[in-house]
Amino acid sequence: MSVTIYDVAREANVSMATVSRVVNGNPNVKPSTRRKVLDCIERLGYRPNAVARGLASKKTTTVGVIMPDISKSFYAELQRGIADIATMYEYNIILSNSDERPERELELLIDLFGKQVDGLIFMSDSVSEEVREEMSKAPVPVVLAGTVDGEQQFSTINIDYEQAAYEAVQKLIANGHERIVFVTGPMTRDINRLHKKIGYERALRDASIEVREDFIIEVQDNYDNAYSAWKEIEQLPEKPTAFFVGNDLLAVGILNGIRDAGLSVPNDYELICFEHSLLPRIVRPQLTTIAVPLYDIGAVSMRLLTKLMNEEEVAEDKVLLPHRIEERDSVK
């Protein structure tokens with residue numbers, strides 16, 4: 001039979017309340033009594049019931065994490081950063097997959113708050129009004145990881161996506177390109193519409209280059225659509241000379257389209273994309289990218305959440321982590 005708090009109290013000749021205070025780190029226990037209780041816990045092999053402790057302390061030491069698609073390496077790397085810091089601070093994680101559907105995000109929020117998590121990390125391409133309203137009512141802290149919040153309502157950890165896009169396009173312009181195509185995932189997503197696209201357009205305007213709508217190609221976020229988009233780009237009356245691509249999966253679709261047409265990168269076209277996985281290093285030529293610190297976004301999100309949950313002082317809750325351009329072979 002499992003050892004109970006009653007067994008520890010009887011062995012240590014103290015009350016169950018005293019054992020509970022020791023287990024929960026209450027300072028109002030004499031050092032000698034604390035030592036005696038801890039010795040009994042170790043000798044008997046007592047394992048405190050986490051649920052019971054949660055009921056007593058009104059804390060569950062559990063954090064909810066909602067992400068769009070755990071199968072994508074982008075989110076897997078973020079989750080690894082979250083998990084490492086959660087383990088360090090002795091929090092458990094309930095990981096939920098929203099399938100990139102706002103209605104599912106809402107269901108998961110309600111479910112996790114019902115499970116009385118101590119805090120929540122939320123990831124999505126956009127924050128719907130329904131989700132925003134539900135998070136606004138949350139009795140616990142919420143941190144958005146790799147998710148922009150246009151209303152600046154919640155704590156967020158990101159990079160400066162607009163500035164990163166600006167620098168990438170600026171690099172292509174510095175290499176002599178004026179006809180630069182922007183290939184992006186759905187513009188319904190805030191990061192694409194309000195950050196990457198804005199950075200692309202700003203770089204062109206600062207260089208006195210016309211922003212052409214036919215050079216902004218919107219596709220679904222998958223390889224096949226990007227590959228098909230290349231065939232549309234081939235038909236443009238005026239051919240581009242370079243590509244800025246919103247993520248690495250789309251970039252590989254464009255790269256393979258170019259190569260299957262008997263052309264080459266970087267000799268015929270130069271290409272820069274955002275890096276969210278191993279793909280830019282696996283393909284040949286290796287792709288020049290904006291390196292997104294995915295692990296760090298997850299880790300910093302979890303550390304910020306621990307501070308908010310424990311009511312520690314927080315110097316900044318809208319954090320922009322540094323990014324860099326990783327020089328490889330798709331740009332001369």
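1. The side chain of Asn 158 has a polar atom 3.0 Å from the backbone nitrogen of Thr 147. A further polar contact, at 3.2 Å, joins the side chains of Asn 158 and Tyr 161. The model is a predicted one.

2. Asn 158 belongs to strand β5, which covers residues 155-158. Its relative accessibility is 5%, so Asn 158 counts as buried. Leaving aside residues up to four places away in sequence, Asn 158 touches Gly 146, Thr 147 and Val 148, and also Val 319, Leu 320 and Leu 321.

3. Turning to the rings, the count of aromatic pairs is seven. One of them is formed by Trp 230 and Tyr 269, in an edge-to-face arrangement with 5.5 Å between centres and 85° between planes. This pair links distant parts of the chain, its members being 39 residues apart. Trp 230 is in helix α10 (residues 223-234), while Tyr 269 is in the loop between α11 (248-260) and β9 (270-275).

4. Tyr 269, with a relative accessible area of 9%, is buried.

5. A cluster of rings is also present: Phe 182, Tyr 200, Phe 244 and Phe 274 are linked by ring pairs. Over the face of Phe 274 lies Lys 196, 4.3 Å from the ring centre.

6. Another charge sits over a ring at Tyr 166, where Arg 202 lies over the face at 4.0 Å from the ring centre.

Note on methods. Residues numbered from 1 in each chain as written. Predicted model: local features only at pLDDT ≥ 70, side-chain atom pairs only at ≥ 80, totals over all residues. Heavy atoms only, no water. Phe/Tyr/Trp six-rings, centres within 6.5 Å; stacked < 30°, edge-to-face > 60°. Helix = DSSP H or I, 4+ residues; strand = E, 2+ residues; numbered from the N terminus. Buried < 20%, exposed > 50% of the residue type's maximum accessible area, 1.4 Å probe, protein only. Lys NZ or Arg CZ within 6 Å of the ring centre and 35° of its normal. Polar contact = N/O pair within 3.5 Å; in protein donor to acceptor, adjacent residues only side chain to side chain. Contact = heavy atoms within 4.5 Å.
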